[in-house]
Amino acid sequence: MKFASRLMTLLLVLLPLAACAASTSEPVEGRDYDLIADPGPFAPLAGRIEVVEMFGYTCPHCAHFEPMLEAWAAKLPRDVRFTAVPAAFGGYWDAYARAYYAAEQTGVLARSHADVFKALHEQHSLPMQNVSPQELATFHAVYGVEPQAYIDALRGEQVEARVKAAREFAMRTRVPGTPALIVNGKYLVKGNNFQELLRNADALIARERAAARP
């Protein structure tokens with residue numbers, strides 16, 4: 001009986017250590033990430049590690065992920081560049097991708113970004129489909145943007161070029177849906193839940209940092 005008791009005590013001590021070791025192990029291809037067949041970052045790395053989130057305002061999973069992602073991104077080291085890229089999959093995806101870049105161009109994105117998710121998924125004050133430029137301009141006017149200035153940005157060449165770049169990145173990386181995390185244009189991060197997705201992203205960031213060391 002004493003031996004069995006001691007064995008049980010030993011197992012109780014070792015199991016948490018084993019779990020800890022598993023959580024800090026190297027990420028595994030196919031389980032924790034997929035390699036991108038045609039790799040390349042969204043923007044020049046300039047000595048930094050890039051993390052792209054491909055998202056859609058109309059995606060309910062992205063809306064649920066946003067608060068957790070925002071808190072995680074705020075704590076990233078200075079050598080990591082986080083970039084949100086709206087998914088331009090066509091139709092209403094493109095409309096809200098343009099809305100994102102128009103908000104960025106007019107200088108209100110930092111204040112409006114989370115609120116667009118709330119307007120779509122909680123308040124239902126913006127339509128999921130067939131949103132009009134005027135509806136988007138009225139929404140963003142709350143943040144001090146003159147409606148015509150917002151509409152001009154929404155329809156402008158700069159926003160169209162940004163949406164085109166987002167669409168090409170999504171096609172090249174073959175993201176299966178949203179939200180998706182991509183590290184350095186090389187790794188499509190996988191995970192069974194949001195926490196696991198961020199843990200695997202952290203591990204891949206660490207891998208890229210180690211690989212860059214002389």
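1. Val 52 counts as buried because its relative accessibility is 0%; buried means under 20% relative accessible area, exposed over 50%, and partly exposed in between, with a 1.4 Å probe and protein chains only. Val 52 belongs to strand 2, residues 49-55. Helices (H or I, at least four residues) and strands (E, at least two) are DSSP runs, numbered from the N terminus. The model is a predicted one, in which local features need pLDDT of at least 70 and side-chain atom pairs count only at pLDDT 80 or more, while totals for chains, interfaces and linings use all residues. Residues are numbered from 1 along each chain as its sequence is written, and side-chain values use heavy atoms, with hydrogens and water left out.

2. The surroundings of Val 52 may be described next. When neighbours within four places in sequence are set aside, Val 52 is in contact (heavy atoms within 4.5 Å) with Phe 42, Thr 83, Val 85, Phe 169, Ala 180, Leu 181 and Ile 182. One of these partners, Val 85, stands 33 residues from Val 52 in sequence, yet the two C-alpha atoms are 6.6 Å apart in space.

3. Asn 184 is found in the loop that runs between strand 4 (180-183) and strand 5 (187-189). With a relative accessible area of 8%, Asn 184 is buried. Its side chain reaches the backbone nitrogen of Glu 50 at 2.7 Å, and a polar contact of 2.8 Å joins it to the side chain of Glu 208. A polar contact is a pair of N or O atoms within 3.5 Å; within protein, one must be able to donate a hydrogen and the other to accept it, and residues adjacent in sequence count only if both atoms are side-chain atoms. Beyond four places in sequence, the residues in contact with Asn 184 include Gly 40, Pro 41, Leu 45, Arg 48 and Ile 49.

4. How many disulfides does the structure hold? The number is 0, where a disulfide is a pair of cysteine sulfur atoms within 2.5 Å. The sulfur of Cys 59 has its closest cysteine sulfur in Cys 62, 3.1 Å away, and therefore too far for a bond. Cys 62 is accordingly in no disulfide. Both cysteines are buried, Cys 59 at 5% relative accessible area and Cys 62 at 1% relative accessibility.

5. The structure holds 1 cavity of 30 Å³ or more, and the largest cavity contains about 40 Å³ of space. On a 1 Å grid over the protein atoms alone, a cavity is a set of points where a 1.4 Å probe fits but cannot get out, and a pocket is an open set with protein on both sides within 12 Å along at least five of seven lines; lining residues have an atom within 4 Å of a point. Grid points are joined across faces, edges and corners, and a volume is the space filled by probe spheres set on the points. Helix 3 (residues 92-105) gives the largest share of this cavity's lining, 3 residues. Among the lining residues of the largest cavity are Phe 55, Tyr 57, Pro 86 and Trp 93.

6. The largest pocket has about 360 Å³ of space. Of its 18 lining residues, Glu 66, Phe 82, Ala 84, Tyr 100 and His 113 lie nearest its centre. Helix 4 supplies the largest share of the pocket lining, 5 residues.
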